[in-house]
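Try each task before reading its solution.

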Amino acid sequence: MKHVISILLENEPGALSRVVGLFSARGYNIETLTVAPTEDPTLSRMTIVTDGSDEVVEQITKHLNRLVDVVKVVDLSEGAHVERELMLIKVRAIGKERDEMKRMAEIFRGRIIDVTEKVYTIELTGVQEKIKAFIDALDRSAILETVRTGVSGIGRGDRVLKL
């Protein structure tokens, strides 16, 4: 089962490395990883998507809580949460492809953010399934390059990850 783990950690050199090292040392896979400073510049928020049973994720959480730099750990998958991923995709757009790519971007509520004579760069935000569906709907030969951020997640309503 997919789990979205949100970690509040000290914004210090090596903190990210220690968290990733923990996953690596125990043979846990990280599907996606995002990290950035929070509203408090001394803290960073890391979102990790991993696949595993509830027991495995419980072990991961226990190990994470033992790390010195980690302030708080929450498995967002245990409750109501919102998750999104951002993708920038560069596609070939020549001749009749231009209208088709524009239409596809509109259908998936994406935005064309850069235009040249032969290429569109499209920004698309949504859940991983939406991003995958967009890629699957395109002719593979039209895709020139993709960049994805990985999942960012936040609890719904009053559910807050703070000190």
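Contact here means heavy atoms within 4.5 Å. The model is predicted, so to speak of local features a pLDDT of at least 70 is needed, side-chain atom pairs count only at pLDDT 80 or more, and totals for chains, interfaces and linings use all residues. Residues are numbered from 1 along each chain as its sequence is written, and side-chain values use heavy atoms, with hydrogens and water left out.

**Exercise 1.** Find what threonine 121 touches, leaving out residues up to four places away in sequence.

*Solution.* Start with the location: threonine 121 sits in strand β7 (residues 119–126); strands are DSSP runs of E, at least two residues, and helices runs of H or I, at least four, numbered from the N terminus. Next, list the contacts: Ile89, Lys90, Arg111, Ile112, Ile113 and Asp114. Finally, check accessibility: threonine 121 counts as buried because its relative accessibility is 12%, where buried means under 20% relative accessible area, exposed over 50% and partly exposed in between (1.4 Å probe, protein chains only).

**Exercise 2.** Search the whole structure for aromatic pairs and classify them.

*Solution.* Rings of Phe, Tyr and Trp (its six-membered ring) pair if their centres lie within 6.5 Å; planes under 30 degrees apart are stacked, over 60 edge-to-face, the rest tilted. The search gives two pairs. For phenylalanine 23 and tyrosine 28, the centres are 6.2 Å apart and the planes at 80°, so this pair is edge-to-face. Phenylalanine 108 and phenylalanine 134 are also edge-to-face, at 5.2 Å between centres and 80° between planes. This second pair links distant parts of the chain, 26 residues apart: phenylalanine 108 is in the loop between α3 (96–107) and β6 (111–115), phenylalanine 134 in helix α4 (residues 128–137). Both phenylalanine 108 and phenylalanine 134 are buried.
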